[in-house]
Amino acid sequence: FSTSRLVRPINPLKFLPIFNKLKINFADDLFRKIIKRNFDHTNSLQPKKIENNYNVIRDSFQNRKIVNTENFPSILRDEKWLYWRLMECPYKKDLYFFEYKNNFSIVHIFSNKGVKRLNILFSYFIDQSNETEFFSLIMHWAINNNIDLVWAIKRGNDETLKDIFPNKFKKPLT
């Protein structure tokens, strides 16, 4: 019960069909400028395609031997799981990853009904203290690349990402 879905709409008008059909660009630019003030960084990230860079993810994954031990039953996430989850996925052409200071986020970037979305599927950190900065850099990239909605999953009740994903959009994930 401590897992939450975190959502950050960047352009809320994209979810109203009438505005989407009219393609009002000035409102989109205005929303992006307002949100961008909170995510102005000198550093920048670029996503890398999973298909072309699988070895980078695999090597990082093997080095960390990621095992989820926080909840019961624990789920072993080994190299076979990683290959199945990424390379055998029917949406692998839309899968990317961000890397920052040896921290990784695997994301799904896609468009549905005129709304461009970025879904953070899985993240792992060498240093958990980089989490806020890392997600902030991903948000900065999303704003600059016309993403309309960003969402992620967060385990635990800490409020470290509340500036990136406002609590009013936070929903329990059951």
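Predicted model: local features only at pLDDT ≥ 70, side-chain atom pairs only at ≥ 80, totals over all residues.

Q: What makes up the secondary structure of the protein chain?
A: Five helices and nine strands. Along the sequence they follow the pattern β-α-α-β-α-β-β-α-β-β-β-α-β-β.

Q: What share of the protein chain is buried?
A: Of its 174 residues, 41% are buried. That label takes a relative accessible area under 20%. The accessible surface comes to about 10600 Å². Carbon and sulfur atoms hold 52% of that surface.

Q: What is the strand order of the open sheet?
A: The order is E2-E5-E6-E7-E8-E1-E9, seven strands with mixed pairing.

Q: Why are strand E2 (48–49) and strand E9 (171–172) called edge strands?
A: Each of them pairs on one side only. Pairing requires at least two bridges between two strands. E9 has its two bridges with E1, and these strands run antiparallel. Within that pairing, Ser-4 stands opposite Pro-172.

Q: What makes E7 and E8 a pair?
A: Three bridges join them, and the definition asks for at least two, so they pair. Their sense is parallel. Asn-119 has Trp-151 in E8 as its bridge partner.

Q: How do E1 and E8 pair?
A: In the antiparallel sense, over seven bridges. Arg-5 stands opposite Ile-153 in E8.

Q: Why is E1 described as mostly covered?
A: Six of its seven residues are buried.

Q: Which strands does H5 lie across?
A: H5 lies across strand E1 (3–9), E5, E6, E7 and E8. Its direction is at about 130 degrees to E5. Angles here run from 0 to 180 degrees between N-to-C directions.

Q: What makes a set of residues a nonpolar core, and how many residues has the largest?
A: The members must be buried residues of the nonpolar list, joined through side-chain atoms within 4.5 Å. The largest such set has 26 residues. Those with the most contacts inside this core are Phe-98, Leu-118, Ile-120, Ile-138, Met-139, Val-150 and Phe-165.

Q: Which elements give two or more residues to this core?
A: They are E5, E6, strand E7 (115–124), H5 and E8. H5 gives the most, with eight residues.

Q: Which residues does Met-139 touch, not counting those up to four places away in sequence?
A: Arg-8, Ile-10, Phe-39, Val-150, Ile-164 and Phe-165. Touching takes heavy atoms within 4.5 Å.

Q: How many aromatic pairs does a search of the whole structure find?
A: Twelve.

Q: Why is the pair Phe-98 and Trp-141 called edge-to-face?
A: The ring centres are 5.5 Å apart, and the limit for a pair is within 6.5 Å.

Q: What makes Phe-125 and Phe-134 an edge-to-face pair?
A: Their centres lie 6.0 Å apart, within the 6.5 Å limit. Their planes are at 90 degrees, over 60, so this pair is edge-to-face. Phe-125 and Phe-134 are buried.

Q: Which residues form one aromatic cluster?
A: Trp-81, Phe-97, Phe-104, Phe-122 and Tyr-124.

Q: Why does the phi of Lys-101 call for comment?
A: Most residues other than glycine have a negative phi. Lys-101 has a positive one, about 50 degrees, and is not a glycine. Its place is the loop between strand E5 (95–100) and strand E6 (103–112).

Q: Why is Asn-146 called partly exposed?
A: Its relative accessible area is 46%. Buried is under 20% and exposed is over 50%, so 46% falls in between. Asn-146 also has a positive phi, about 60 degrees, although it is not a glycine. Its place is the loop between helix H5 (131–144) and strand E8 (149–155).

Notes: Residues numbered from 1 in each chain as written. Heavy atoms only, no water. Helix = DSSP H or I, 4+ residues; strand = E, 2+ residues; numbered from the N terminus. Buried < 20%, exposed > 50% of the residue type's maximum accessible area, 1.4 Å probe, protein only. Phe/Tyr/Trp six-rings, centres within 6.5 Å; stacked < 30°, edge-to-face > 60°. Areas by Shrake-Rupley, 256 points an atom, 1.4 Å probe, with all protein chains shown as cover.
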